[in-house]
Structure formats: structure tokens, C-alpha cells
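Look over the model first, then read the points below.

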Amino acid sequence: MVSLSLSQVRALDIQLPPETGAFKQDPAAEIANAQCLICHSVEYVTMQPPMPRPFWKSSIQKMQQKYGAPIPDGQVEQLADYLARNYGLMTNTASAPSTAASSQAPANPTSVAGTTDGLQLATRYGCFGCHNTTQKIVGPAYRDIAAKYKSDADALSKIDLQIHKGGSGKWGPVIMPPFPQMTAAETKVLAEWILGLK
Ligand code: HEC
Ligand code: HEC
């Protein structure tokens with residue numbers, strides 16, 4: 001009995017998945033990695049309390065409808081299954097104490113404070129058409145940009161310039177178009193958001 005409860009305590013200690021930057025291993029994880037890491041990191045999912053399938057399904061639909069996530073309709077059910085299986089009530093209640101179970105029904109899923117304005121601006125201005133947070137597509141990954149500017153005191157103004165004027169030659173021959181319509185306040189939010197990515 002004693003050893004059982006000790007191991008339960010241990011299991012609770014290590015309940016949070018390690019920060020791997022990817023979705024939990026599962027045959028369908030590939031789809032989640034491909035569809036859900038375009039605009040934001042996996043923490044947006046892992047920071048939610050365990051949620052049932054309908055929550056995950058509507059969350060996926062919200063990404064499609066509100067933010068324009070290019071998720072093929074045929075993958076919505078698979079993704080909902082995957083998320084419910086790995087980040088759902090079933091998975092987590094199986095080993096968790098009853099207090100964490102059904103009674104909790106959290107009304108306000110956590111969002112990652114401070115990062116949402118940049119994310120929303122980047123979504124609104126179509127930055128994700130060419131940039132991904134973690135992987136190079138047409139333009140460099142935002143994480144790589146953050147790494148490049150890590151100890152550059154002029155990073156904010158250089159990024160502001162890139163967004164307003166566009167440019168090329170820093171990452172390759174491909175040209176980034178200018179966004180002259182953005183306000184200085186908006187480019188600042190975007191630059192700070194990009195530089196804050198890890
Ligand atoms: C086109 C960009 C985009 C893609 C692709 C995307 N998301 Fe999001 N997601 C957002 C934005 C923007 C927010 C921020 C909303 C906020 O904080 O106000 C967000 C927030 C979230 C949140 C936090 C809670 C909420 O609803 O705001 C969850 C959970 C989430 N996304 C899950 C997913 C999952 C799962 C996928 C893959 C099926 C995905 N996202 C793909 C843009 C995207
Ligand atoms: C049509 C594709 C495209 C779009 C849309 C786009 N970018 Fe880029 N972006 C690029 C390319 C290509 C580069 C690399 C340019 C270079 O080599 O100098 C780049 C580079 C960058 C850099 C790095 C600048 C540097 O000094 O190293 C930042 C920051 C950036 N983009 C932010 C954004 C933001 C924010 C948006 C949305 C407002 C955006 N991009 C939209 C293609 C794009």
C-alpha cells in the first residue's frame with residue numbers, strides 16, 4: 001500500500017510532459033505536428049486543462065474559421081480523436097485523483113499571456129502564409145529569427161524596418177514584401193512577440 005501511494009505521488013510529479021516542442025507520440029501525432037504548429041507552439045494545447053473531445057473539436061474548428069488555419073476538413077475528426085486521446089479527460093482521469101476529474105470543468109482555458117496580440121496580428125496580416133513559428137517555409141522560422149537577434153540591441157528597429165519596407169538577402173534570395181499599412185505600434189508588438197519566441 002505504501003509503495004503504491006508513493007508511486008502515485010511520483011506519477012503526479014511527472015505528470016506534465018517534458019517540453020519537447022512536439023505533440024505526444026501517437027500514430028496521429030504527425031497530423032497535429034503538421035497542422036497545429038504553423039502559428040503557435042504546442043504549449044497552446046498542453047497548457048489547457050484536460051478537456052473532452054467536443055472541446056477539442058470546437059477548438060480545431062475555431063482555428064479554421066476564426067484564424068484561417070488551413071486544416072483539411074477530412075482531418076478534423078482525426079485531430080479531435082488525437083487530442084481527446086492524448087490531452088483529454090479520459091487519458092488524464094484514468095490515473096489522476098478524483099479531484100481533478102469531472103468536477104473541475106474549467107470555464108477559462110488558459111491562454112498564453114502576452115503572446116496573443118502578436119499571434120493575432122501575424123494571423124491578421126497573413127504572416128503565416130510565409131512564416132511558421134518553428135519551421136522554415138518561404139521565410140525563416142520565427143524561432144530562428146529570435147535566435148539570430150538574441151543579443152542584438154537593435155533587433156526591434158531592424159525587424160520594424162523589415163516589416164515596413166520588406167527586404168531580402170539576410171536569409172536568402174527570396175524577397176519579403178513590405179507591409180507599409182502597419183502602424184509602428186503593430187510592428188512593435190509583432191517584433192516583441194517574435195523576439196520572445198523560444
Ligand atoms: C492559422 C494559425 C493557427 C493554426 C494553424 C492553429 N492555431 Fe491555434 N490559435 C491561433 C491563434 C491566433 C490563437 C490565439 C487566440 C487568442 O489567444 O486569442 C490560437 C489559440 C489556440 C488555443 C488556445 C485557446 C484558444 O482557443 O484561444 C488552442 C488550444 C489552440 N490554438 C489549438 C490549436 C490546435 C489544436 C491546432 C491544430 C489543429 C491549432 N491551434 C492551429 C492560430 C492558429
Ligand atoms: C510573401 C512571403 C512573406 C510574407 C507574407 C511575410 N514574410 Fe517575413 N520574410 C519572408 C522572407 C523571404 C524573409 C527573408 C528575407 C531576407 O532574407 O532578408 C523574411 C524575413 C522576415 C524577418 C527577418 C528579418 C531579419 O532582419 O532577419 C522577419 C522579422 C519577418 N520576416 C517578419 C514578418 C512578419 C511580421 C510578417 C507579417 C506582417 C511577414 N514577415 C510576412 C517572407 C515573407
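H2, H3, helix H4 (53-67), H5 and helix H7 (116-124) each supply at least two residues of the shell around ligand 1. Helices are DSSP runs of H or I with at least four residues, strands are runs of E with at least two, and both are numbered from the N terminus. This is a predicted model: local features need pLDDT of at least 70, side-chain atom pairs count only at pLDDT 80 or more, and totals for chains, interfaces and linings use all residues. Residues are numbered from 1 along each chain as its sequence is written, while chains are lettered from A and ligands numbered from 1 in the order in which they are written.

**Ligand 1**
- The shell holds 25 residues, and Cys36, Cys39, Tyr67, Ala69 and Thr116 come nearest. A residue is near a molecule if its C-beta atom, placed from the backbone, lies within 6 Å of it.
- H4 gives the most to this shell, with five residues.
- By class, 15 are nonpolar, nine polar and one charged. Ala, Val, Leu, Ile, Met, Phe, Trp, Tyr, Cys and Pro count as nonpolar, Asp, Glu, Lys and Arg as charged, and the others, Gly among them, as polar.
- Domain 1 (21-103) and domain 2 (110-198) both give residues to the shell around ligand 1, so ligand 1 lies between them. The domain bounds come from an automatic or database domain assignment.

**Ligand 2**
- Around ligand 2 there are 27 residues, the closest being Cys127, Cys130, Gly139, Lys170 and Met176.
- Helix H9 (155-165) and helix H10 (184-195) are the elements that give two or more residues to this shell.
- H9 supplies the largest share, four residues.
- The shell around ligand 2 has 16 nonpolar, nine polar and two charged residues.

**Helix H2**
- Ala32, Gln35 and Cys36 are buried in H2 (residues 29-36). Buried means 20 or more other C-beta atoms within 10 Å of the residue's own; exposed means 12 or fewer, and partly exposed is in between.
- Helix H3 (43-46) and helix H5 (76-87) are among what covers these buried residues.

**Nonpolar cores**
- The largest nonpolar core has 16 residues, and Ala32, Met51, Trp56, Ile60, Leu79, Ala80 and Leu83 have the most contacts inside it. Such a core is a set of buried Ala, Val, Leu, Ile, Met, Phe, Trp, Tyr and Cys residues joined through C-beta atoms within 7 Å.
- H5 brings the largest share of this core, six residues.
- Another core lies apart from it, with 13 residues, including Cys127, Phe128, Ile145 and Ala191.

Conventions. Contact = placed C-beta atoms within 7 Å.
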